[in-house]
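Q: Could you show me how to read some features of a protein model? I am new to this one and would like to take it step by step.

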Amino acid sequence: MEKVELVKVEIITNMAKVDMLRQELGKFGISGMTVYEAKGCGVQLGTKEYEAETHSEPILLDKQVVMVVLEERELAEFLDFVEKELYTGHIGDGKIFISPILNVVRIRTGEEGTDAIAEGKAY
Amino acid sequence: MEEKKLGLGSVIATGVGLVVATSCLLSLGIGAASIGITFIITMVIACVLNMLLALSVAELNAVMPNLTGGLAQYTLACMGPFITVIVMVGGYLVCNTVISSVEAAMFGNTLSSVFPEFGISGNIYSGVLILVLIVLNLKGVDMFAKVQDFVAFALIFSLAVMGILGALHLGAGEEVSQAAVLSCDFTDITGLCGLGFFLFIGIEYVIPISKEVKNARKNVPMGMIIGLLSILIMQSIMVIGFKNYTPWEELGKDATPHVLYGTMLLGKAGTVWMAVVSVLAVTSSVNTVISSLGYICYGMAKINLLPAFFLKTNKKGAPYVGILIIGGTIFLINITGLSGTDQLSFLLLSGCVFWMIAYIVTHINVLILRKRLPKVPRTFKAPFTPALQIVGILGTLWMIYNIDSDAGIRIRIYRLCLFTFIPFVIYAFVWVKKVVKKPLFKAYPVSEVMAMEHELYWEHHRKK
């Protein structure tokens, strides 16, 4: 199998940010993304930032996950871009999970690795 | 998603409009009359130091965006409640009140110089104006909100046109033949840095509009820098105009130098032009201060740095305690006989010292946050940190040291500032220990300061 250096970036953020992020990712040159709704909480267990005491049991809040696969060499610049776009300084800005990808296959053409996530060739 | 409407031009215009006030013209007149056109060098030094401040403020806004209290909240997150109360609550309120008092006095001086035949003292004019503005603010009427921008731009436009006419020898009045340079001694030039600093002070007021600005991370800092540069150019042209049409000696003594210059340049038409524009500008800016300081007191009470009685509002929703205290103080300062050039200049410089201390604390805040939160994704980073902040701090200290070229006046200014700070130190100590009940110098977490902005924060925390 051809060696690929791809990473998966999963950005968990609140609902209001996704539309803005979608537009900005387009400007960054990301050609594909997957967005799905999720429920969850972070270390504050779903406590709102203005509340005085942390909840004793987790409250699951509505979130969205934006999943993007890109080449590892683009990762640092991409993270810097996303962090700055999502930052407000308030609790609930979200988290970014990064994991390695073994391979990607574009089903229509059978292309693998970076070819599978790049602009399609004229097959 | 909310559409952002303001571009770079609006940021520059807002910055220039907020910084330029009629009291600046008094400093410009006094400074130019003291050393001639070399005062431009003083202005360049002061402008550069204010640019450094603009860059530091822009970075703090990137770390803690969209805060209403601005400098106070940054300091709360960096140095804790004690310093915040003394410097940002006490110092900031005092300097704004003092400088507004000077603005109000300029109103009285302008009217009494335009209508000498009535024989009414300037204090009466300014006292009546302040009372009217207090009543309007208590009634929740902001009759100047809609014309505020127009008035500010009319002032700037007038100054630019009059400056160019004077500098290019195009005035209708008689030209004055006098030395361009009265002193090029370095200590004379730096001795006026306090006055020069006042010409550019207040650029941080641009920050609250940043959430409305397109590409704010680039346009806000750039707009502040270009705004300061525009003010420098405009005021420099004015100084050249002064040289061509106004005898230095008369300029230095006059309590309304802009009206004098208008008269010398264009005769009676110039007098009326400058008087009308400056009266409108003073009225709108004093109105803004009475209103906004009332709300700042309200905001400070909201984050528990001032007593809760500042949270009281009347039927019209106006925070009447703050309005009455601030407006009343401005009234008292004016009615007790504030009118002479020396008194006005003394108060301006004393107000400047408080403001400069707030600026030094702001530079230190940037360094603290760089150390404590090095990885926070800053959408704007001040270049050459920490050198930029260190130069800013040392430069501002140097300005405080050179607040006036006269050693006697300097000591009086320091003494006044010290005596003003003492009650704030006592208040801050007692308040933080007994009411806030937090360690004096322990910084609040950034997340807590951000959370305090939320309208439900105190509702939840007081229940606890």
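Q: Where is B:Pro386 found?
A: Helices (H or I, at least four residues) and strands (E, at least two) are DSSP runs, numbered from the N terminus. In this predicted model, B:Pro386 sits in the loop between helix H15 (341-372) and helix H16 (387-401) of chain B. The peptide bond that leads from B:Thr385 to B:Pro386 is cis, with omega near 5°.

Q: Before we go on, how are things numbered, and which parts of the model count?
A: Residues are numbered from 1 along each chain as its sequence is written, while chains are lettered from A and ligands numbered from 1 in the order in which they are written. As this is a predicted model, local features need pLDDT of at least 70 and side-chain atom pairs count only at pLDDT 80 or more, whereas totals for chains, interfaces and linings use all residues.

Q: What is the phi of B:Asn215, and is this residue buried or exposed?
A: A residue is buried if 20 or more other C-beta atoms lie within 10 Å of its own, exposed if 12 or fewer, and partly exposed in between, with C-beta atoms placed from the backbone. B:Asn215 is exposed because it has 11 other C-beta atoms within 10 Å. Its phi is positive, about 45°, although it is not a glycine. You will find B:Asn215 in the loop between helix H9 (193-198) and helix H10 (216-245) of chain B.

Q: And where does B:Lys437 lie?
A: B:Lys437 lies in the loop between helix H17 (407-436) and H18 of chain B. Phi of B:Lys437 is near 55°, again a positive value in a residue other than glycine. B:Lys437 counts as exposed because it has 8 C-beta neighbours inside 10 Å.

Q: What is the strand order in the open sheet of chain A?
A: Two strands pair if DSSP finds at least two bridges between them. The four strands of this open sheet have the order S2-S3-S1-S4 (chain A), with antiparallel pairing. Strand S2 (34-40) and strand S4 (95-101) of chain A are the edge strands, each pairing on one side only.
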